[in-house]
Structures are given as C-alpha cells and as structure tokens.
Amino acid sequence: MLEQLKKTEVYKSIFRHSYQDTQRNRALQIVDNVFLHLHPVRVPRHATNLGYTWGMGGITFLLFIVLTITGVILMFYYRPTAQYAYEDMKYLMNDVPFGPLMRNMHRWAAHAMVLTVMLHMFRVFLTGSYKPPRQFNWVVGVILLVLTLLLSFSGYLLPWDQLSIWAVTVGTNMARATPLLGHEGPFGAQLGLRPDNDVRFVLLGGTEVGPPTLLRFYVGHCIFLPLVATIFMVVHFWRVRKDGGISGPESTKKGF
Amino acid sequence: MRQFLEILSKPDNLPIVALLASVIFFSWLYWVKAKKNDMQELPEEAKMDDKVQVWPYLVRTEFLMAIAVMAILVIWSVFLNAPLEESANRALTPNPSKAPWYFLGLQEMLVYFDPWIAGVVLPTLIIIGLMAIPYVDINPKGNGYYTFKERKFAVLTYGFGFLVLWVFLIFIGTFLRGPGWNFFWPGETWDPHYVAVLTNVDLSEYFGISTRLPDNTLNPAAFIFGAVCVFGFYSLSGVYWMKKRNDEFMKKLGFFRYSIVSFLFLSMMGLVIKIFLRLGPLMFGANPVKYVWVTPWFNV
C-alpha cells in the first residue's frame, strides 16, 4: 500500500528523492528543503560541537518562532485599549482554555530570548567571530539585540497592570532627559522643549503613560518591531552563509 | 533573609537567576577551552577540520536542542504563572518602581549619574561601542577559536563590561535595591521608611572650591575645576598616544581607530571612577561625591 503510494505522481511531486541513507540523499535532504536549505550541505566538524557554538543563536531563533505563534494566539483575546486590556488579561488567565499556558509561554520565552541573545553575543565575542570577514554581521547582530530589548520592553506594557505601567514609566522617563530632544535634558529648555512637545511625548502619545501609549506600544510590539526584526534576521542568517559559514580556524576553511 | 529568598524566587526574577548561573557556567567553559587552546600549537577547533554532513549530524543536534528547549519552556509555563498585578493605576506608585530586569543595570546607573547620562548617553555609547568593536579590533588572531593569550585586552575589556557592568549591576538592581532605591544587603528587611542620610558634595568642594557662590549662582572656579577634571581625564588618551605613537602596534591601529577605542575605554573607566567617588567616601564616613562638573546646562 505504502509502496503503491510512493509511486503516485502526487507523492513524487512532493518528495523529490527517496529516504534511503546515501551520501547523495543526505545532501538532497538539505538542498531540497527550503527550511533546511539555510544550512550548507557539509560543515566542519567543530560546527556541530555544542561546546563551540553553545547553540544560543539557534535557540534564540526558535524562541522567536515560539513568541510569534503564541503572540498571534494572544492577539485573538486582547484589545489594546485602556478600557478592555486588563479585563482581557483576566479573562485570558481565568477562562480561556490554555490561555494561561499561552501567556506564560509568551512571557517566559521572551525573558529567555533576551538571555540567549546576550549569551549568543558573548560566545561570538569570545570566539572572535566578529573579525573579518564577519564585521558587518556583528553590527546586524547588535541591531537585533536592540530590537529584542525593544520588543520585550514594548510587550511589558500590554498587560496594563501595575507592574507594566510603572516599569514602562520608569523606562520612558529617561527619554525626557535626552540631550537636545527632551525637556529636562541638557539644552532642552533652551530649545523651547516642554513636556508636551519633546521626544518622550512622541514616544508615549501624551505627557504620561496612558491609553495612547498602550495603542502605540501594541502596534509597535505586534507589527512594526517584529517586521523589522524579521528583515534583520534574514540579513543576519544570509550573511552567515555569505561570509563563509560558521567561524573557525583557518584550517577548517579548506575545501569550501 | 526570607525576604531576599522571596525576591529571588519571584517568577519574573527567575531569568536573572538563570542569567547568573549561565554566565558563570559559560565563563568557566570559555576559560577551560581557552586555556587548553593556549597551551598547544593548534587550537582544538582546528583539529576538527574534517567535514561532516549537516544531515544528520547538525540537524540532529538542532532537533534535540529544540525538543529540550520546548520541554523546559512548557514545564516552566505550566508551573509558573506570569505575574498579573492589580489594574494599572496612575495614582498608586509602587515603591520601588523598577524597569524590566534587563534595564536594571542602567537604572542602577541613575544613582551615580543624571538621567541624561545614565538613561540616554550611556545606552547610546554601549550600542555604538558594540557596533564599533569589529572595526577597531585589528588583532587578526583568535578568529574562530577560543583563546585568551592572543587577545587579552579585548577579552578582559568585554568581560568586564558584560559580566561586571551589565550582569552584576542587574543583580544589584534587582535583589539589593529596595524602597527608595536604597541599598539593602541580603537578609536585611526592605524597610519602606528607611531614609539614607547622605550629604552629597561636589568634587570641587573636596578641594575647597564651593559649587555655589553666596548669592547661589554657579561659582566660575568650580565650573573651571570640573571642566579641567573631565577634559583632563579624556586627554589622558592623548598623553598615551604621544608616548606610544611610534610603536608598531599603534602605527597599525592609526590615530582614528585609537581615538575611538580610547574614548570608549575611558568612558567605561570614567563610569567606574564615578561609582568609586560615590561609594568610596562612604566607607570612611566622608561625604559621597555627587557631581564632578556642574554647569548651568548639565551636570556630570
């Protein structure tokens, strides 16, 4: 029966090659798969060694995917207005099937992602992997670090509870001290900046963290920042390949 | 002590405990690998220069790691609920009010600097400084393997910045800063009525130059004193350059790269000096230093 199925045109149109364990099929397994195609067919052996890579970049990407999926599910139950936001959180935590699990996974994965990004950066630094020809990919990585922090920070406000509103208040209060752009920053007053026209006002959509801030952070958190992060991730992964694959000592670069 | 353990076990603080544990583990791992590599001709990584097929050898590892991560995440999420406090209330300010944990190092900086430095200039310098690393580190060695011997300055500087100024300050900000952002040792109870009696002075006042004149305007002498301190500190880089500019290494580095490295390095060290100016006098019962340089527009 299964053998019959494998001979049909439909099956053959989906799976281009057999699964028999041959050198050729192992290679095809990678190049014929759009997702695995991110990888080269062969890598130097140290690249598969967790002691070298720590696996932190890969885990970060996995967590980003988890966050995207759980985040979209949460969006079905959440309205970003001061009137409903907190009510929706209560509803989610108490009445929605698997609601707490989805929210918990979203929050813990977010924390974990900040952690793994830092560790990934630590590893890349310690192996000197930012050195030529990978200088620019390190810069892209720094941008991704900043985007990760911004994503986490903007998501912090959305539950609209005491924890979120005050954490974001503390964080965004810094903006009022921005030199030249904030009303309490150096030269701010001299330039005619007030609480209602400086950079913090733009960020919050008001003079304090309020309903317009919630909407701003929501759109930034769910649409703008993930989109930008995705673009930079695409560049980041592509550059890993283009810059000669995973870093390694000179001798491992033979035959590429 | 119970309160310290309570804060330690708050669900939102678990990532910090994980951060501390993993940073210690990975620093140790690095050290072991670097030492081993430094003692032999070829680094371990170079011995693994044969090629393996990504399918199955790499994909298998990725798959197992993904399963492990998902399992940990699900278990973590089943047993620990994400915090949800009372509904947002602008009229009720919690004490202490803390930013998300990864920004607590920066919030801790607010003790030592005005917000425009701690909250804006410092993060900007960190981001720019990180981005500049590949372009100012001209040492071609240590590319693609663990080593300490071949890049001591780079590893020590980054290690100090990351482990001490980032991770350790996050730890302090989360676990040892209580109401009013006052410092409490582990085991001390966070007393919301505790008031730290501090008489802050400016650095110039240690040298007998008062910051304000009797009519409460800025003393020009103090202004000049502060400017000399700040610019004098940064001009150390110029002194070092004049002394070493003919060295082989400095010639290769060039004046432009050197300026960036020395500016970023001195800024980082300046931060440490300011922390000591603030905390050091307290150990001797003297008054902590608030500002090094007071101007009509900003204070450093």
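## Contacts and burial in chain A

Of the contacts in chain A that link residues at least 6 apart in sequence, 58% join residues at least 24 apart. The model is a predicted one, and in it buried residues account for 46% of the 256 residues of chain A.

## Fold and extent of chain A

Chain A holds 11 helices and 1 strand, and, read from the N terminus, its elements follow the order α-α-α-β-α-α-α-α-α-α-α-α. Its radius of gyration is 24 Å, well over the 18 Å that the globule rule gives for 256 residues, so chain A is more spread out than a compact globule. The C-alpha trace of chain A spans about 70 × 50 × 30 Å along its principal axes.

## The interface between chains A and B

Between the two chains, 84 residues of chain A are in contact with 75 residues of chain B. Helix 7 of chain A gives the most to the side of chain A that touches chain B, supplying 16 residues, and by class that side comprises 49 nonpolar, 26 polar and 9 charged residues.

Strand 1 of chain A also pairs with strand 1 (residues 51-53) of chain B, in the antiparallel sense and over 3 bridges; Val43(A) stands opposite Val52(B) in this strand of chain B.

## A loop residue of chain B

Asn246(B) lies in the loop that runs between helix 10 (236-244) and helix 11 (248-283) of chain B. Asn246(B) has 8 other C-beta atoms within 10 Å and is therefore exposed, while its C-alpha atom is separated by 51 Å from that of Val59(B), 187 residues apart from it along the chain.

Note on methods. Residues numbered from 1 in each chain as written. Chains lettered and ligands numbered in written order. Predicted model: local features only at pLDDT ≥ 70, side-chain atom pairs only at ≥ 80, totals over all residues. Helix = DSSP H or I, 4+ residues; strand = E, 2+ residues; numbered from the N terminus. Buried ≥ 20, exposed ≤ 12 C-beta atoms within 10 Å, placed from the backbone. Contact = placed C-beta atoms within 7 Å. Nonpolar A, V, L, I, M, F, W, Y, C, P; charged D, E, K, R; others polar. Pairing = 2+ DSSP bridges. Rg over C-alpha atoms; globule rule 2.2 N^0.38 Å.
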